[in-house]
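Hello,

Here is the structure you were to receive. My notes on it follow below.

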Amino acid sequence: MKRFLLSSYRLRIIFRSVFLLLAIATLGLALSLLQQEKQLSYNNYQVNFNKTISQITATLRHPAGQLALLNPPAQQEGASLHPLLLPFSALDFDDQGKVQQAIAMSGCLVQYGNDGSLCVGIGNNPWAGGFIYVAGSFNSAALVSHPQGKMVRDEAHRIRVSVTLRGQEYQWIAPFEEEPSNKTNAGIRGRWVGFVESDVNKSNARPVRDFRGWAWQKAVCNDAEKDGKDLNCDRNTFFSLRLPIAVLQEALFEKKRPVWPPQDLDQIHVELAVFAPESQIPLLDSKAMPTATPFSLNDLSALLLPGESLSIKKTSEKKDFIKLLGKVEQEEESWNVLTRLIRRLPVDEYDTPLESRELISTPLDNYEVLLKGDVRSASKTLSVVATRVSWFVGAMLLALLLAWLLIEISIIRRITLLTKRAASLSKTMKGAGELDQLDVSDLRSPDELGVLASGLHDLLRRVKEDVERETIRTEQEKQMWHAVGHEIMSPLQSLMVLHPAPEDQSHRYITRMQQAIKVLYGSATPSEAFQSTVLQLEELDVTQFLQHVADNAHHAGIANVVFAGEFASVFVKADEYSLEDVVTHVLKNANRYRPEASAITLRLEADETSATIHITNQGPHIATDMLDKIFEYGVSDQIDSGANGNRGQGLFVAQTYMAKMGGTISVRNIGSENETAESGVEFVLSLPRRI
């Protein structure tokens with residue numbers, strides 16, 4: 001029993017241990033890779049953190065960044081322009097190259113699609129005067145000049161500009177006046193002459209002395225396929241304006257130390273529109289929605305990773321005037337379990353806080369920039385990746401589980417069941433009938449184990465059949481004497497015919513012998529006895545044998561037996577007594593069913609190899625479905641055959657003896673059932689001729 005328990009669980013322990021180790025190895029490999037990826041992610045994050053602070057400081061030290069520092073983000077309403085504090089003391093508005101370079105470096109331009117651009121600003125030096133500078137570009141046909149000294153009308157290109165601050169509004173109309181140039185293909189150059197808009201219609205209107213402006217139009221058309229001599233093609237025009245603001249100029253001299261830049265700088269509104277001759281549709285309008293705005297400190301948030309924070313403050317102040325946080329992305333979610341697991345994985349210097357301080361100098365003040373990192377963002381990013389990878393790990397574990405279940409159910413379980421059933425059967429089996437207890441029908445399948453189970457089942461079935469056959473043989477040996485008694489009944493019946501008189505002493509003893517034999521075999525099944533009989537085959541003249549049977553049949557109670565056919569000698573190999581017993585059994589059956597006084601005919605036919613005996617009688621036909629069954633043991637159509645000493649074994653004995661002599665016996669119906677005179681049954685006995 002102990003050996004059985006050990007053998008039944010040994011395979012399970014081995015297979016389960018192997019699959020458990022595979023699952024642990026898979027998880028361990030995944031955790032090891034996660035730890036390595038976490039270390040790499042942390043190292044990459046440190047490198048990227050240093051790159052980020054370097055990029056931020058480089059951006060803020062650039063004029064565009066200086067412009068963003070000098071002009072903190074503010075909520076702007078609509079599309080109106082507000083002057084920006086430029087990182088320059090003033091703009092040299094009379095020089096096209098310097099102005100273009102200054103506004104390009106500072107990044108103060110506001111783009112309006114393909115129509116043009118505008119930059120509105122003030123210098124960072126209060127003593128440069130209370131001016132607002134406007135520079136930009138627009139596209140138009142060749143600039144049309146306003147005649148000097150004439151009233152301002154719509155026949156020339158013009159700029160309308162207005163400034164609103166502190167409850168006051170300044171409005172100017174500035175027509176273009178071309179200046180002659182000695183250079184060929186140099187384009188058009190001229191001034192913007194500013195007039196107060198309310199004085200334009202006056203005949204004595206004079207230009208504003210401090211209003212200054214210039215325009216430079218390219219000689220080539222924007223469309224390269226058009227000739228520059230075509231005055232109607234669009235050309236790019238760059239312009240610059242200096243707007244005198246009296247309120248700002250007066251404020252500079254109110255105190256010893258003026259406040260600069262103005263505290264209400266973000267509330268100064270500037271509007272500008274450029275018109276073509278005799279047109280009220282602006283070529284460039286500041287009220288239009290811009291397509292691109294100047295660089296702002298808020299744009300630095302795009303450089304920050306989730307969890308990082310950027311604080312900027314003036315060194316002269318304690319409070320941060322701007323604080324930016326990295327954008328938190330919600331596109332991909334990670335499992336909290338994985339995030340917690342990744343955070344617990346140990347890496348070098350993971351718990352060290354990351355922060356960097358930098359100092360940025362501007363013309364007005366110094367700014368302290370503080371960037372704080374958050375390594376948890378790297379863990380979260382890694383957890384998002386790990387979430388996707390976890391599906392593959394889960395698929396591997398699921399594959400291992402399915403493989404284990406497949407082996408457990410289809411192999412181990414079936415082997416265990418087969419082992420248990422075989423062991424139980426070997427301990428409890430006492431007879432052949434108990435072999436059915438080993439039922440392996442549920443273990444059969446096309447695989448090797450199923451073939452093994454099927455083979456074992458077939459083997460046990462054959463063993464059971466052999467055991468049952470041996471049991472039957474043993475049982476039937478006990479009935480051998482009953483079979484012998486059956487064979488004695490036939491000669492006893494003949495003797496009874498020879499001694500019919502009751503007063504004859506022989507008759508008395510024969511009757512007693514018949515009664516004893518009936519008692520002995522009345523319930524016997526002697527088929528095994530007949531089959532085990534060994535016959536003594538000798539040369540026999542079958543013609544003389546049949547004639548003798550026909551002449552003496554009446555002594556056995558079978559009258560009117562006629563032998564017809566050839567009377568030449570025909571020799572066969574047979575046992576004379578057994579063959580006589582065969583013919584007697586057939587004659588008894590024929591006598592039982594023939595009409596009274598009708599003859600039973602014996603006829604012999606012979607060829608080179610065999611001799612055939614035909615035994616024919618008139619009478620009813622044998623049922624078609626019984627033609628092949630009447631030679632089976634125990635088949636009889638008489639209900640009381642057992643009581644009369646007939647157990648349906650005569651034809652069985654006849655077939656058995658014929659087979660032992662190398663011959664055959666068959667039966668057939670002859671004639672038609674309705675023609676009673678010619679219908680009947682014919683038994684055909686065939687024996688091989690002596691060679």
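Within the largest nonpolar core, which has 60 residues, the members that touch the most others are Ile132, Val163, Phe239, Leu243, Leu272 and Ile312. A nonpolar core here is a set of buried Ala, Val, Leu, Ile, Met, Phe, Trp, Tyr and Cys residues joined through side-chain atoms within 4.5 Å; buried means under 20% relative accessible area (1.4 Å probe, protein chains only). Helix H1 (residues 2–61) gives the most to this core, 6 residues. Another core, of 42 residues, lies apart from it and includes Ala550 and Phe683.

This is a predicted model: local features need pLDDT of at least 70 and side-chain atom pairs count only at pLDDT 80 or more, while totals for chains, interfaces and linings use all residues. Residues are numbered from 1 along each chain as its sequence is written, and side-chain values use heavy atoms, without hydrogens and water.

Helices (H or I, at least four residues) and strands (E, at least two) are DSSP runs, numbered from the N terminus. In helix H3 (residues 96–106), Val99, Ala102, Ile103 and Ser106 are the buried residues. Seen down the axis of H3, they fall within an arc of 90° (from the directions of the C-beta atoms from the helix axis), so they line one face of the helix. They pack against helix H2 (63–70) and strands S3 (116–122), S4 (131–140) and S10 (235–244), with contact meaning heavy atoms within 4.5 Å. After H3 comes glycine 107, with a positive phi near 70°.

Regards

Key
Buried means under 20% relative accessible area, exposed over 50%, partly exposed in between (1.4 Å probe, protein chains only).
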